[in-house]
Amino acid sequence: MKLKKVEVFTKDELEAIHDASMTLLSEVGIKIDAQEARDILKENGAIVDDTNYFVKFPESMVKEKLKTVPDSFKLYGPDGSFSFEVNTQQTQFGTIGTPVKIYDPSEKKGVRKTMMEDTIQQIKVVDCLENIVCSHIDVWPNDVSYITIHSECIYQWVKNTKKPYGLGCLGRLASQDMMNMASIIVGDDDELIKKPRFIGFMNPTSPLHLPVLMTNGFEIFAKYKQPTIIAPEALAGASAPVTLAGLLTQTNAEIIGSAVLSQVFNPGTPIFFGTVSHITDMRTGNSAMGSVEMGLITAGIAQLARHYNIPSRGPGAGTDSKLLDLQNGYERLQTLMLAAQAGVNYITCAGTYEATLVEALELLVIDDDLAGMVKRAIEGITVNEDTIGLDVIKKVATSDVKGVNFLAENHTRKHMKSELYMPRLANRARRSTWIKKGGIDIVQMAREKVNQILNEHQPNELDTQMEAQLKDYMKKVRERSFDDYRKAEGLMVDSVTLPDGIEIREDK
Amino acid sequence: MNISCNKKKVKQAVNIVSIKEKIQGLVVEWDTDGLKDYCRSLLKNNEESASDLLKIIGDVMKFVGDQFEEEEIFLPELIGSAETVKAAIDEVLDPAIRASGEEKETMGKVVIGTVESDVHSIGKDLVGSFLFSNGFEVYNLGVEVTADQFISKAEEVGANVIGLSSLLTMSMDFQKEVIEELKKRGLRDKYKVIVGGAPTSEDWAEKIGADGWADDAIEAVELIKRILK
């Protein structure tokens, strides 16, 4: 059987958390700053207070709206040739983080600022990995203006990978750009809606708050049915109760409230029931992503997601280490393994360390290997007549030939690839062989793999007309000012020329 | 004569020790009402002046801060103590000092907040608590603070330092905006501007022309002490 899922709640405990979340939603509600979102929730049965922005969700409304949340969906790469399914049973692996620095041993500090070239390299490396199925804008291009990052990155995405891409729901203007560019790439809006290309990212702000920008962007992602991760990043003891049950109750309410909003925006919009919540270190006030409690919180969210029958997303490979050292290794595997054992359906943060603030392409390929190992672990042990292998045991044990073993048996050949995971990087050679081959450690091995990928990677050939259209679009984005964004998000009252598809109300 | 004078001094010293012990007890128990009442009664009976009480409270907060640094107490205990003290200062001691016409002693005035489009407050609040515990006067403007709000407050209170916090990569540029706005108004040299937050860095601070950057709340206090020297 497959590995039994780690559960952190009994049935009664899970019900208690659920009931408490419902009480929060119906009695306190969620503070939603965007008026359009409050209006549409009100039309759908929520109780809205426009003076303090709190929206209360009656339980009957929650039940009704959660019915249309899909339990599975597929994501596609730019040309549609690569796809993967997200459902409530399987586990997939992706990136996501906020790296603003990258590992660089030639630098005195061991890290340097991330640049567009690093963003591109990360996309290329993920394109060539076996187990990591999606990259997200996480390696932050410090050399690109913030207001054009989305359009510049989408161009690099279509050029450099066959896999889907993740983007933050950073306001309605940028999100609409993302959809418009994706429509140019895939042909039209219908194709984009039918076969989603992007994973959106929406962080409620704990406790119980949806800020304007994220909500505005979320609406656009929902309109185009691009699967969106709803993931509070509550910190136990700082932005949520220090008790894990309290944090889970609060974040469960945040996720459910946002899930209801997604279905009100557009019924059937796929979402991930997500978390990046972890703890506050009580000695420093810093967040601790490598903490064992983060694994427990992630397991709690996975169990709640199963209860609602919605695919889950949680962080794995989390570490607070500032080095590629043992702490980095044990924390990343501990959080990764626990997330997988808990049955998280989309495990993220591959390639990052120092609470995801730093990227290492070396870690990205190591995480791909770890993901393979973890996948094998959760497969558990298959037991049937063939795998018990009574015949082959008898045959080998009673053979007349001396020294006969199982190595050259058909049974071994038939089952070895499914039974044994073969790591690409972990070195199992004898010492003398290892020394002959340079005696290098796993980080150097990983670097060589990264170099090989980058040397051999072939960019996608783009249709010239499509590329020209994309470049035109990027030019338009570059010409915008900061104030254009403020106006579009209702942060500033004024008129603004926006790309097709956006209507701005000046009602803020 | 001499003997009686010494006796008086000894008595005063004993008094201060017992007052300090009493205040310390109230502070570590987060007994805000108790601390306010105690300060009020000391002032009423003319046992201590408001400015002397401020000094005693400063010593108590230094003791609490040292305990925190030695990991004998943890962050919630430090912040809870700081909030207790702040309430007593804001509601009892500051008004008393103002009424007496004395000038309040301070390490410096700091206006802090999280920049426009960002609603994250914890890191910035920690910096505020640490600064306060170290004797600074802190004006915490909250979150989503615009350039104009930062500058207006700094002008109003005669701040020495403006501290800009940002947790999101996408809100970092608004730190730069505040500096640009200060330049536009011809006020850039009047204030030291420091920046912080998870995605920021020393290079970033340099790039946008800030006067300093710190990685965490303890470093922020050191930074401000250094740049105000």
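The model is a predicted one: local features need pLDDT of at least 70, side-chain atom pairs count only at pLDDT 80 or more, and totals for chains, interfaces and linings use all residues. Residues are numbered from 1 along each chain as its sequence is written, while chains are lettered from A and ligands numbered from 1 in the order in which they are written.

Let's start with chain A. Here β14, β16 and β17 form an open sheet of three strands, in the order β14-β16-β17, with mixed pairing. (Strands are DSSP runs of E with at least two residues, helices are runs of H or I with at least four, and both are numbered from the N terminus; two strands pair if DSSP finds at least two bridges between them.) The edge strands, each pairing on one side only, are β14(A) and β17(A). Packed on this sheet is helix α10 of chain A, which touches β14(A) and β16(A) and runs at about 140 degrees to the direction of β16(A). (Angles run from 0 to 180 degrees between N-to-C directions, with axes fitted to C-alpha atoms, for helices over the stretch in contact.) As for β16(A) and β17(A), they pair in the antiparallel sense over two bridges; A:T280 has A:S287 in β17(A) as its bridge partner.

Now to chain B. The axes of α2(B), residues 32-44, and α4(B), residues 75-100, come within 8 Å and cross at roughly 25 degrees. That makes the two helices, α2(B) and α4(B), roughly parallel, a label for angles under 35 degrees. Among the residues that meet are B:L35 and B:C39 from α2(B), and B:A88 and B:V92 from α4(B). (Contact means C-beta atoms, placed from the backbone, within 7 Å.)

Chain B is also assigned two domains, domain 1 (2-100) and domain 2 (109-227), with bounds from an automatic or database domain assignment. Their C-alpha centres lie 29 Å apart. Eight residues of domain 1 and four of domain 2 make the contact. On the domain 1 side, α3(B) and α4(B) are the elements that give two or more residues.

Between the chains, the contact takes 19 residues from chain A and 16 residues from chain B.

| Contact residues | Classes |
|---|---|
| α2(B) with α4(B) | eight nonpolar, two polar, three charged residues |
| Side of chain A touching chain B | nine nonpolar, eight polar, two charged residues |
| Side of domain 1 of chain B touching domain 2 of chain B | five nonpolar, two polar, one charged residues |

Key:
Two residues are in contact if their C-beta atoms, placed from the backbone, lie within 7 Å. Angles under 35 degrees count as roughly parallel, over 145 as roughly antiparallel, 65 to 115 as roughly perpendicular and the rest as oblique. Ala, Val, Leu, Ile, Met, Phe, Trp, Tyr, Cys and Pro count as nonpolar, Asp, Glu, Lys and Arg as charged, and the others, Gly among them, as polar.
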